[in-house]
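Hi everyone, thanks for coming.

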Amino acid sequence: MSFLTGCTQNQKEKHPDTVRVKIPWFSGQSYQLRTIELISITDMVTLKGWAARFLLSPGVSDQQLVGLEPRIHTLRNSEGVYIPTDYLSTELLSLYAHFEKLAQMDIDIGTGSYIENWPRVRTIAVDVKQIDSQGQLQKDNARFSGDLDAFLFVPYTMSDLPFSVNAGVIGHEHFHSLFYNILIKPLGASYPDSAHATVHQMSDLEKDLIQKIAQAKRGGSQIQSGSTSGNPTLDLNERDNYHRFLLRGLNEGLADVWGWLYSGDTSFVEKSASQFSMRNLDLPSFGVLSVDGIKELSSSPTETENLVYYVGISYARMVYSSFQEMKKENTMSEIEAKKELSQALLRSLVRLKSEYIKLKTDELLVPQKPLDLLTDELPRLKTYIEKNK
Amino acid sequence: MKYFLLAFMLFFSFFVQARGITMGAALDYRFERGMDQNISPGNYLNVFGAYRFDPFSVGVEFFQKSADESKAGTVSVWSRKSGLLLNGSVTSYQTKNLSFYLAAGFGFSKQWVQTTLSDQKDLDSSRWYMMGYGGLGLRLNLLTSFYTAIEGRLYLAENQDPEVVWAPLLKAGFEF
């Protein structure tokens, strides 16, 4: 049971503006074409409503996205269900549906207590023509831009499930917007790169990277023990790099957790990009890195982008495996347990922001700290986090 | 679709003995909005038959748009639109080989869509949508019974984007 199915089931009472659409939907094991009820659409042609608005192939002008408002094409079958008649319409209806369900999840868990004017209409850009650092058109990616307050989906060219119909990926991106609004934005320009998170940018999961992680973990494990309450120090540039790297890793890891909390799918990244099976949450946890481990990885001049995801994976697997063990030993419904976890995650982000603000200019945040804050907010999880360290 | 063809054949089995029967086909380039949001000509193929009693003509026309397919990854969407129109026209000016006519029609269309997600295929169809058109054309009689025509139409229809679609048609037919 996930928020995705929970939200669908809670809609038994008919909303006056309910429309039913047939789109690909995650049904516990795999994606199937399902009829989904949406309550917030006010215009089925331009797909307007309180959950989202769309821009097709937009450009950026004065820090604003400017683009064409797409028109979708559907037919209504004999049961009154809207069926998209082309791929773009399928993609947009799917995105709209997920952002509506995510907004309902936000209402359910009280995200509005931490972010002003939330939930709000989300701007979603599709078919984005973005040039990468090599001057090539980007493909097969999705990201949240904090600067533009928009989700950007570039064309999908692989042979798996497109990102724009993948519930976990959309939930993952949605979390980046929560992380940005709760943590990054209030911290100001200190850690701007943390907002530029993507679903994946790892090239290949090469063995030497894994080795590097292992080395970094070994190197730092002695320093880590007993030092979680103290704040180690580093010079200014290294310190900035360290925090950027740590925050980005944490952002990616918790976004993977959120993608699973929303969709119920532990292998959602792999469903769209099969080469990233390392991101599956149900693989064994290997603990989080130490201060020295993060220092070493964040100073790597060329592989930082890839290594960020390994830091993310360490957080994601730790939270997921600890949660599963906690649930096994406590009698609680899955949906309630997930609600508790998501609320605790949000509260821990608010506290993490305070921790950052409190840091002296020569201090470092210990990588274990975000987990300590999480277990403060969800004490039942503490034993299991400690066990998986 | 078989109902369309049946209606078409019934109509002509009734008129086949009569004089002034025309039958033909047309390429109908309706300027509709595509997935790329551009308004560009869609390729419809129309077949028609009419009974002509100068200066009037009444007939029936069946049209079908060649299937569109769009896809990304494991998701693909295939769709096709067909319809039937009852037509009427009046020739307003005529020389030996050339005639200028006004035309109008009314009928219904239906759309089918097949959505594929990995191994799952779902076929859905719409209800019958009402539609009509007004147009004008120029007909050129080339041989005793063969003619060609160009026609411009404005279609008004439910579930059409844009709401008013214009279309040039290239027609060719025989008159018995």
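Let's start with a pair of residues in chain B: Tyr44(B) and Phe63(B) are both buried. Before I go further, please keep in mind that this is a predicted model. What is the geometry of the rings of Tyr44(B) and Phe63(B)? Their centres are 5.8 Å apart and their planes meet at 65 degrees, so we call this pair edge-to-face; planes over 60 degrees apart get that name. Now look at where the two partners sit. Tyr44(B) belongs to strand S2, residues 39-53, while Phe63(B) belongs to strand S3, residues 56-65, so the pair ties together parts of chain B that are 19 residues apart in sequence.

Zooming out to the whole of chain B, we have 1 helix and 10 strands. Going along the sequence, the pattern reads α-β-β-β-β-β-β-β-β-β-β. Chain B has 176 residues, and 46% of them count as buried. If you take the contacts in chain B with a separation of 6 or more, 54% are between residues 24 or more positions apart.

Now over to chain A. Here the secondary structure comes to 11 helices and 11 strands. Of the 389 residues in chain A, 60% are buried. Among the contacts in chain A between residues at least 6 apart in sequence, 74% join residues at least 24 apart.

Back to aromatic rings for a moment. Over all chains, the count comes to 16 aromatic pairs. One of them is in chain A: the rings of Phe26(A) and Tyr31(A) have centres 5.2 Å apart and planes at 50 degrees, so this pair is tilted. Phe26(A) and Tyr31(A) are both buried. Chain A also has an aromatic cluster, formed by Phe99(A), Phe144(A), Phe151(A) and Tyr180(A).

One member of that cluster, Phe151(A), leads us to a residue I'd like you to find on the screen, Thr123(A). You will see Thr123(A) in strand S9 of chain A, residues 122-126. Is Thr123(A) buried or exposed? Its relative accessible area is 12%, and the cut-off for buried is under 20%, so Thr123(A) is buried. The side chain of Thr123(A) makes a polar contact of 3.3 Å with the side chain of Arg53(A). Leaving aside neighbours within four places in sequence, the residues in contact with Thr123(A) are Arg53(A), Leu55(A), Leu65(A), Asp149(A), Ala150(A) and Phe151(A).

Last stop: the interface. How many residues of chain B are in contact with chain A? There are 27 in chain B, and they meet 30 residues of chain A. Together the two chains bury about 2,100 Å², with 61% of that on carbon and sulfur atoms. Three residues, Met35(B), Gln37(B) and Leu117(B), supply 24% of the area that chain B buries against chain A, more than any other three residues.

On the side of chain B that touches chain A, strands S4 (68-72), S5 (75-94), S6 (98-117) and S7 (120-125) each supply at least two residues. The largest share, 5 residues, comes from S6(B). By class, that side of chain B has 8 nonpolar, 12 polar and 7 charged residues.

That's my tour, and I'm happy to take questions.

Methods: Residues numbered from 1 in each chain as written. Chains lettered and ligands numbered in written order. Predicted model: local features only at pLDDT ≥ 70, side-chain atom pairs only at ≥ 80, totals over all residues. Heavy atoms only, no water. Contact = heavy atoms within 4.5 Å. Buried area = accessible area lost by both parts, 1.4 Å probe. Helix = DSSP H or I, 4+ residues; strand = E, 2+ residues; numbered from the N terminus. Nonpolar A, V, L, I, M, F, W, Y, C, P; charged D, E, K, R; others polar. Phe/Tyr/Trp six-rings, centres within 6.5 Å; stacked < 30°, edge-to-face > 60°. Buried < 20%, exposed > 50% of the residue type's maximum accessible area, 1.4 Å probe, protein only. Polar contact = N/O pair within 3.5 Å; in protein donor to acceptor, adjacent residues only side chain to side chain.
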